[in-house]
Amino acid sequence: MLDRDQVLHVARLARLELGEQEVARMAEELSKVLGHIEKIRELDLEGVAPTSHVIDVVNALRPDDPTPSLPRDVILAAAPEPLNDGFGVPSPGAA
Amino acid sequence: MTAYEPVIGLEIHVQLDTRTKMFCGCELSFNDPPNIHTCPTCLGLPGALPVVNERAIHFGIMIGLALGCEIAERSLFHRKNYFYPDLPKGYQISQYDVPLCLGGRLGDVRIHRVHLEEDAAKLNHLGASGRIHGSDRSWVDFNRGGTPLVEIVTEPDIRSPEQAREWLILLRTTLRQLGVSDVDMSQGSLRCDANVSIRRTGTSELGTKTELKNMNSFAYLERGVKAEIERQRRLLETGEEVEQETLHYDPATDSLTPLRSKEEAHDYRYFPEPDLVPLVVGEEMLAAARADMPAELPAERAERFERELGLHADTARLFAFRAELGDYFERALGAAGSQGNGGLEPAELSNWIPPLVERIGSDADPSSSNVTPESLATLATMVKAREVSRDAAREVLTLLVKEGGDPRAIVEREGLGAITGEDDGLAEIVDRAIASDPAAAEKVRDGNMKAIGPLVGYVMRETKGRADGGEITRLIRDRLQG
Amino acid sequence: MSELIDLTAAQAAERIRAGEISATELFEAYRERAAADELNAFTWVAEAAPESNGNASKPLGGVPVAVKDLFCTEGVPSQSGSKILEGYRPPYTATVVAKLDGAGAPLLGKTNQDEFAMGSSNENSAFGPVLNPWDRTRVPGGSSGGSAAAVAAGSAPWAIGTDTGGSIRQPAALCGIVGLKPTYGACSRYGMIAFASSLDQAGPLTRDVTDAALMFRHMIGRDQLDSTSLEYPGEIAPPSSEDLKGIRLGVPEDLTGAEGGIEPGVRENFEATLALAEQLGASIEPCRLPHAPHALSAYYLIAPAEASANLARFDGVRYGLRVDGDQDLVTMYSRTRERGFGPEVKRRIMLGTYALSSGYYDAYYGTAQKVRTKIAEDFRAAFERFDFIAIPTSPCTAFELGAKLDDPLAMYLNDFLAVPMSLAGIPAISIPSGLSDGLPVGFQLAGPAFSESRLLDAAHALERAIQFDGGRPMTDGGGNAT
C-alpha cells in the first residue's frame, strides 16, 4: 500500500538517500508491515484518550541555577568540520 | 481603484531573561565567544535529555496574565521535527495544540495564543555579505541554542502598518515592565514576523496571507508591512493572485524576496514530547506569578492618566505605552507638587513633554537628557505664573537640552524674563507697532480683531518673544479700542 | 581462576568485602576472558583493572560490569552498534553507569548490540553479529545480545542492557540467564542513547535472581537530569522466598492461545514450569488481556515514531560519521544517514516518519497511543485478580543466524510476548526455566508498577525449584573453555 512516490516522499522527510533498489524493497517491506499493523484501525476506540505519558508525574522542573558547560575544545574534538570555533556545514542556501 | 483593507497579524518571539537555558543549566550568552555555553542537552549529544526551567514557566505565566490570557491548567510540550544545522536534535521542543495560554487581549489587538519553546542556535555564513545567498560554507554557534523563548501570536486584528508598529511598542513596554525580557529588537531578544493579507474593504473573508520575516526594528516592521501591502495591492489590481509564501524584507532596498515557496512547506510531524512530563499550573504557581507582577501595566496606566490626572486620551496612551515618557512625566509631576506648583494642572505639564521629545529625538529617553524632571516642572510652573512667555520658554527648553542647568538661571542670564504691561518700554513698543501699520490699527479700532496679527507680530519681534502673545493682544486692543 | 568465575556477582562481592579474594584479581580474570571472547559480544574491553579506589569496601565490592554499547561512558567508545557513531567517545557518562560505578562496580567492557537497540537477534549490529554461547550457529537474541552472551559465557559476572520491547528479557531467555525490565521511570535514562523514549529502560542481565536484585537496587533513583525518572517507593531487599504460597498467577490466553505463535517445545516447558509453580503453592488461572494481541502493532508504530525523531540528531554536523564531498546540505544529510544507518534502522525510521506524517498521524500514531491506553487498562484490571502474569518470554528458542533476516515482519513477531509490558510501563522478569532441544527457554513474570521486590522474590522461589544449570556454555567450548 506504499508506492514508490510515497517512499520517496517519506525518505526525503527523513533525510535518507535511498538507492532505486532500496526504494523498491522498502516499499514492499513497509507495505507488508503496515498490512499487519493496519488491523488496529478496526478496533473500536471511541472515547479512548491516547497515552501521551506513561508515568503519573507532572511538573518535573529545575531551578534556574547555572551548571558548568562543556569546554569548547572537548565538543569540537568530535566535530567533523571544526570551523571558526564552531561546527562547519555546507551553506543551506548554496545550490 | 478598488479600496483594499490590510489584515495583519503578528507572531512575536521573546527571549526570556532567565539565567539558564530552557531545558538545561547552561548560562545564557551575551556576545560571548562561540560555543562556550553548551552541554550534552543543548548540543543534542546522544543520550542527553531536557529538563524544564521553572523560572521560564514563571515568566510565561506572568506574560499570560499580563495579556489577559486563559492559563491552561495542563499543557504539553511537543516535538516539532525538521532538519537544519541550527537545530541540534533535528526537532525543536515547543508547544502545539495544548499550549500554556490561549486567548487574551492587549490594547486593540486580541491574542490568539502564547507558548514556550527553545531558541535555535546561530548559523553564521562565510562570504562577504554574511548572508546566506552566495556563501558556500556556514558554521554553527550553539551558545544561543536552547535559550527560553515565549511565542506570542495575535489574531489578525491589525489594520495598518502604523498600528502594527504602535502595538508592538505597547507589547514591548508591557514585557519590559514585567521584567521578563530585555525585549531589544536590535539584540534579537524581541523578534517579530508579520502575517499580511488584504481584502476589499467591507468584506469579511480573509485573503491569502504571506509571512514577512527579518524586520528587526519598529521602523522596519512598519516599512516592511507597508511594502507588502503595496505589493499585494498591485498584484490584485493586475488580476493576479497572491501566493502563500514567506518573504524576507530588505530595509536597504525596501524589497521583499521569497524565502520558501509552498512546495517546500514543512511537515512538522508534531507529537507529544516523551522526555518531558505534562505541565500543570496550580494556584501556587499562579499566585507566585501574580505576586511578581508590577502594580500597574501600561493599559491600566493609560486609564489612570486619563481618568485621574485628566490627560488627553492620546497623551495618556502615549505616556503609558512609552514607559520612559510616562515615568519622566510622573517624576516631573512629583517635582512640581513639591515645588508648590501654583495651580499647574497635570495636563498643562504634559504639554511640555512633546516639545522636549522633539528636541532630543523621538526614540530618546528624556531621563537621559540634560533636562531633569525638576527643571521641566519649574519651567512649566514659570510659564503658568507668567514669569516667562511661552515662546521664550521654548528657547529656554532648547538651552536646557543643550546644557542642562536651572531654568531660572537661564532666564536671568539670557534676559528672557517676561515683559508685561507693567514693564516700562512695552507700552512704548505697542505705540511703535500701531504707528508702523496704521491700516491694521484702523481696522482694529473699528472692531476687526482679525487684523491684529501684524501688530502683535511686531511687538513679539521687538521683544524677542519675551512678552506673552495674549498679553500683547490685550494691550494693543486696549490702546486702540480704549 | 575457574573458582573466581564460578561465583555469582553477589557471592564475589561478599568475598571481596570479607577480604577473601581481591577485587583486582577478579577484574583481571574477567578482563582476560572478555578480551579473548570469540562470540563478538564485546565492542570494547578495559585495558586494565582500575587502580584500587576503595571499591572493595563498597556494596558491589569492585565486581566489574559489562555495559551495553548504547550507554554513554566518558572517553570510551559508545556507538549503539552503529556505523554512524563508530569511534564516538562521549564527554559524559550515563547516570546508571555512574551509579553502579559509585556503588563499586567498575566498567569491564562495552557490549555489542543491535544497532540503536532495534532488533531481536543482534544481527543488526554494524560491528557484526553476536553468537549464542549455547550454539554458535545461533543468535543470542537482541537487542542486548552482547550483554546476554557475555554473562552466559562467563566473560562478565553481570551486565546492564536496555529493554524497549523485550531487548533484555528475550536475549536473557535465549541465553539461559536472568533479565529484568524495570517499571518505566525506575532507572534514569540520562546518557542512554535513545531508541524509543517512552519505552526504553535500563536493567540487569545476570546469572541469577539474587544478582539481578542486587544490581537493580543500585540502579534505581530519581535523576534530576531525567524528567521521566521517579523516586522508587521502598527498597529492594535481597530476595528470599522459597515458595509461592498465596501467589495468584494469571496466564493470558489472548497471547498464549495465539495462532501459530509459540513453539511446541517452549509451550511444553511453560506448562511444566506452571506445574512447578503450583507445587510451590501458586494458584494458576487463565486471565484476559483483550487488547494484548494488538500490542505488537501499537509498538511497531510508537517505537519507530519516537525513534525517527530521536535519530534525527545523527546528521553529520556535530559528531559521528559525515559523508564529505562537494555537495549541498540536504545531500550531505541524506548521504551521511544513508551510509551510517543499517537497513533495519532505516526501515524503522521510515515507518516512524510515515506514522507521524501529515494525514497519517491520527490513523497510525494516534490510534496506537489509544491502543496503548487500553493495554494498560487491561493489565490494571488483571492485577486486581492476580499478583503476576505468567507467560513465556519468547515464542521460540534461539534461531539460526540469518534465519529471519529476509522477513522483517517475521522478526518483529518474535516480540509479541514482551511488548505488552513495555507499552504498559510495568516490570517483567525472565528466568531460565529449562531446555528445549538443548537450547534455553525463558519463563516470564510481569507485575504491576513498582512490584519489583515481590516479582524478584517470586522469581527467586521458582528459580530455586527449577535448578537450571547455566554452566554448560562456560565450560563446553561454547564460550571460553576454562
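At what angle do helix H9 and helix H16 of chain C pack? Before the answer, a word on the model: it is predicted, with local features needing pLDDT of at least 70 and side-chain atom pairs counting only at pLDDT 80 or more, while totals for chains, interfaces and linings use all residues. Residues are numbered from 1 along each chain as its sequence is written, and side-chain values use heavy atoms, leaving out hydrogens and water.

Now to the helices, which are DSSP runs (H or I) of at least four residues, as strands are E runs of at least two. H9(C), residues 264–279, meets H16(C), residues 452–466, at about 110 degrees, with the axes 10 Å apart; axes are lines fitted to C-alpha atoms over the stretch in contact, and angles run from 0 to 180 degrees between N-to-C directions. The pair is therefore roughly perpendicular, a label for angles of 65 to 115 degrees. C:Thr273, C:Leu276 and C:Ala277 of H9(C) touch C:Leu462, C:Ala465 and C:Ile466 of H16(C), where contact means heavy atoms within 4.5 Å.

Let's move on to where chain A meets chain C. The contact takes 48 residues from chain A and 58 from chain C. Together they bury about 4,800 Å², 71% of it on carbon and sulfur atoms; this is the accessible area (1.4 Å probe) lost on being put together, summed over both parts. A:Arg15, A:Glu17 and A:Ile40 supply 13% of what chain A buries there, more than any other three residues.

There are also five salt bridges between chain A and chain C, each a side-chain nitrogen of Lys or Arg within 4 Å of a carboxyl oxygen of Asp or Glu. One of them joins A:Glu29 to C:Arg347, with the closest N and O atoms 2.6 Å apart.

Methods
Chains lettered and ligands numbered in written order. Buried area = accessible area lost by both parts, 1.4 Å probe. Parallel < 35°, antiparallel > 145°, perpendicular 65-115°, else oblique.
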